[in-house]
Structures are given as C-alpha cells and as structure tokens.
Amino acid sequence: MKELNNMSEGGINVKNQWLVLAIIIASLIPVTIDATILHVAIPTLTLSLGASGNEVLWIIDIYPLIMAGLLLPMGILGDKIGHKKVLLFGLTIFGIASFLAGFSSAPIYLILSRALLALGGSMIMPVTLAIISQTFTNEAQRGTALGIWAAIGTAGAAVGPVIGGVIVEHYWWGAVFLINLPLILIVIPLIWIGVPKGISSPEKPWVLKDAALVLVGVILFIYGIKTIFKEDHPLWISIAVGIIGFIFLRLFFIKQKISPFPMIDMQLLQNKRILLGMLLCFVPMAVIVGFEFLLAQELQFVHKLSPIDAGLFMLPFVTSSAVAGPLTGSILGRIGFKNLIITVLSLSSLSFFMLSQLDFSSFTASLLFWSIVLGFSLGVVLIAGTTAIMSAAPLDKAGMAGSMESISYELGTGLGITFFGIILSQIFIKKFIINEELLKELPKQVNNSIGDAMIVANELGGEKGEVIKKAAMTAFKDAHDVVLILAGTVLAILALILVFILPKEKKVK
C-alpha cells in the first residue's frame, strides 16, 4: 500500500480509492460503537459506581457535548495541517482515553475520561468525511462512499448495545471501553501507510481563542438547560450560566463575520442545503439516542432483562437504521428529496405514537415491526442530511463541512439525552408515589430518577426496598409513554414545516 499524495484541481489522485475508504471506515468504528455501547451498561454502571441521576447524564452527555464544541476547530485544523495527521493524533488520544475510562473508579473519573475520549473523537469524525470527499472526485462515487461511511457508522451504533450487553454480562462495565484498543493499534499503521496526506492549506489560521469560545459556550449553554428543572439547583444560577454560554457562542459568530480569516465560512451557513442537512442530522439523532437511553433503563430496571437481552431487544431498531444507508441514494433518485424526507419523518412520527401504546415487557410482532420502521426511517433522514451537507461544500472546505455535519450529529446526541433525561426526570418525580412517612426517611434524590431510586432501594433492602423499587418501576413506565408521544410530536411538526418550506422540484441526484 504505497502512499499516494498527487493532487489534482478536483481532489486527490489515488489508485485505490476503495482501499482508502476501507481504512478510513476501520478508524471510525471505535467512535461509532462508543456512541451506543455505553447505553446498555448504564444500569450496571450506575449501581457499581453509585452514580446519581445527574452524574449518569453527565457521563453520557460530556462526550457529545465536548465533541460538538471541538469538531469545528478540529475540522479546520485538518484543513490546515492535513487530515491524515489529525486522524492519527485523534486515534492515539482516543486509545489512551479508552484505557483510562475502562479503569475509572468513581463517576468523576469516568466523566473526565469521557471528555478526553471526546477530544480524540472530535479529531476523527470530521477528517474521515473530509478524506472521503477529497479522495472520491466523482460525484456518484462520492455519494456511494458517503453512504457506506454513514451505513458503517450506524452499523457500529447498531451492534454497540449487543456488544455492550455481552461484555457487561460476562466481564465488567469498564471492558466496554477497552475493546477499542486492539482495533486502534491495528488501524494506526494502516493509516500511516495507506492513506494519502490530502489537500491542506497551511496558510489557514487556527485561533485557539475562537475554539475556546465554541467549547465553553456549548458546555455552559447546555449546563444551564440541564439544571434549570432540578429542584435542588438554584434557578438563577442555571439561567445565568445558560445566558453566559449563549453570549460566548454569539461572540464567536460575531468574530467569524468580521475576521479576515474566519474559522467557519459564513457562506456555508448561508447555504440552505447545508442548513437543512444540519437540521436533518440534528433532530433524528436527538430522538434516536433519547429513545435508546430510555429503552436501556426500562428493559433492565423495570423488566429485569439482562444486559445482553436488552442489547438484543434494541438490535432491530439500530440495525434497520444501518440498513437505510446504502438504500437512501437510490430512493432519493427515484422519488426526490422532499417526498422522501416528508415520508420518512411521518413514518418515524407514527412509529413513536404506536410504540407508546405497546408494552415493552415482551418482544411482540408489533414491537418488532414498529422498531424496524422507526429505525429505518430515521436512518434515511440522517443519511440524506449528511449527503446534503457534504455534496454542497467545496472540496477545500471539506473538513469544515464534515465538522458541521458532525456538530449537528453530536449536538443531537447530547441534547437528545438532555431533553429526554429532563422530561423523564420531571414525570418520574410526579409519578413516584410512596408513603409520606417512608419518603421522609429516604435521601432527597430518591425520586430524581429510576437509577437513584434503585441505588437507595438496594442500600435499604428488605420490604422498604421492594416498595421503592415497585414505585420506581410504575413511575418510569408512565414517563415512558409521555416521552415517546412527545418525540413523535416533534417529528410530525418537523415534517409539516418541511411540507411548506421545501420546493417541489428539489431532488438529490
């Protein structure tokens, strides 16, 4: 595999583009698996580390939120110094962070390790898209390559819960991170030898202060949202922190408009096709991860499924999302962009409404059918969004465009967990009903989440512990129905809006 770096005006001249794609996809697998492998381990992890409901949300959320804040700077860094270099650095950091996360002995250590994982992941995600865009100069081949990239990405997410279930059941929760190491050690030399350097622009500035504005702004803004409904957290602090975060983000965009060398090309943000693509990556991703977060807890805490059985239960949903990737391109060409997006958004909305009426205690034919419809329809939306972004961006800004796609993806992941977690928590608090005298004896956080309730119940034991568990299960099942209906409503509203704003003749070829 001789490295080929010859440039052409339209991209990179590479003898074996598909071999490069295979290596790039192999480097992406640890990141995509990591997005969902932890979901099925959350109940076990919660009890093992004694993590509170808020700590659990941060363990999950810190990864996509740090990613969202760093993706743009790392995409620009790839455009500046070369995507291959950034990819190698990213994989190295990801491997170190995986090792540290696997041996975390307290929630705070796991949160910090997940933050370091996000630093590595933020280097990997955008540059893989950029390398593909620069390597495949033919538009049809590029579309196929991006479809394969997205399909493998969703396939990694699909097998994540099953792999996580097997590992947690036979080993311990920390091993879900350690499985990244063998693949990373294999992929790094393959990239070094077989991936071209790509198109880079050393003259492009990379301002650390601008990167810090994005990162701090995102984290503060989301922190304000996450804590605003917490009863034990001062409301004024949540509002103040959220406003400061918004100001940081606002300052970043103001600087980009007046800077002679902006970190983000505002023309890309003015491109309606790119903006629509970002929306179509953000919304479905938010409901996908929120649904998986809810499902993993209900299956194990409420219905007492083992981790591996919970992973298998979720498999049809995530697998059908992966299958959507290779099929999206051909469907787009036949029925057009508008018809496709509105149809699949409507189907996903209907699926959530139907699932809200079903009992998840056993896997019935109805559950199988609507899980497959939901996964496939949301998968199509995600692939269509990614294709819209990358096909609309110039090749010399492929890293930036890849960052924008990944930012939408990661913000959807983080905010999906945040909003689903907030709504679940608020409904759970209202529906958690036990004897007032017993409630006074218990820690205040007992009704914050089902995880908090189960920790208290296990520590208390006996008849009182069983009363707490039963009340928590009932409260969570009630919350489950409301959350699914809300998710279906959000998707239905989005489909209705697109009916009016998308032009009829808009098609992706």
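The buried residues of helix H18 are Ile-450, Gly-451, Asp-452, Ala-453, Met-454, Ile-455, Val-456 and Ala-457, where buried means under 20% relative accessible area, exposed over 50% and partly exposed in between (1.4 Å probe, protein chains only). H18 spans residues 450-460 and is mostly covered, with eight of its 11 residues buried. Helices here are DSSP runs of H or I with at least four residues, numbered from the N terminus.

A word on the model: it is predicted, so local features need pLDDT of at least 70 and side-chain atom pairs count only at pLDDT 80 or more, while totals for chains, interfaces and linings use all residues. Residues are numbered from 1 along each chain as its sequence is written, and side-chain values use heavy atoms, leaving out hydrogens and water.

**Two helix pairs**

Two packed helices are described by the angle between their axes and the distance between the axes. The axes are lines fitted to C-alpha atoms over the stretch in contact, and angles run from 0 to 180 degrees between N-to-C directions.

| Helix pair | Angle between axes | Axis distance |
|---|---|---|
| H4 (residues 83-102) and H8 (residues 180-194) | about 165 degrees | 10 Å |
| H14 (residues 337-355) and H19 (residues 462-501) | roughly 160 degrees | within 8 Å |

H14 is therefore roughly antiparallel to H19, a label for angles over 145 degrees. The crossing of H14 and H19 is left-handed, meaning that the near helix is turned anticlockwise from the far one by less than a right angle. On the H14 side, the meeting residues include Ile-341, Leu-345, Phe-352 and Phe-353; among those of H19 are Leu-484, Leu-491, Ala-495 and Leu-498. By class, this contact of H14 with H19 has 15 nonpolar, six polar and one charged residues. Here Ala, Val, Leu, Ile, Met, Phe, Trp, Tyr, Cys and Pro count as nonpolar, Asp, Glu, Lys and Arg as charged, and the others, Gly among them, as polar.

H4 and H8 are roughly antiparallel to each other too, and the crossing of H4 and H8 is left-handed. H4 contributes Leu-87, Leu-91, Phe-94 and Phe-99, among others, to the contact, while H8 brings residues including Ile-184, Ile-188 and Trp-192. The residues of the contact of H4 with H8 divide into 11 nonpolar, four polar and one charged.

Ser-113 sits in helix H5 (residues 107-135) and is buried, with a relative accessible area of 7%. Beyond its neighbours within four places in sequence, Ser-113 is in contact (heavy atoms within 4.5 Å) with Ala-97, Leu-100, Ala-101 and Ser-104.

Leu-269 belongs to helix H11 (residues 266-270) and counts as buried at 17% relative accessibility. Leaving aside neighbours within four places in sequence, Leu-269 is in contact with Phe-253, Ile-264, Leu-275, Met-278 and Met-404. Leu-269 and Ala-401 are 132 residues apart in sequence, and their C-alpha atoms are 9.7 Å apart in space.

Lys-304 lies in the loop between H12 and helix H13 (307-335), and at 52% relative accessibility Lys-304 counts as exposed. Most residues other than glycine have a negative phi. Phi of Lys-304, however, is positive, near 65 degrees.

Conventions: Helices (H or I, at least four residues) and strands (E, at least two) are DSSP runs, numbered from the N terminus. Angles under 35 degrees count as roughly parallel, over 145 as roughly antiparallel, 65 to 115 as roughly perpendicular and the rest as oblique.
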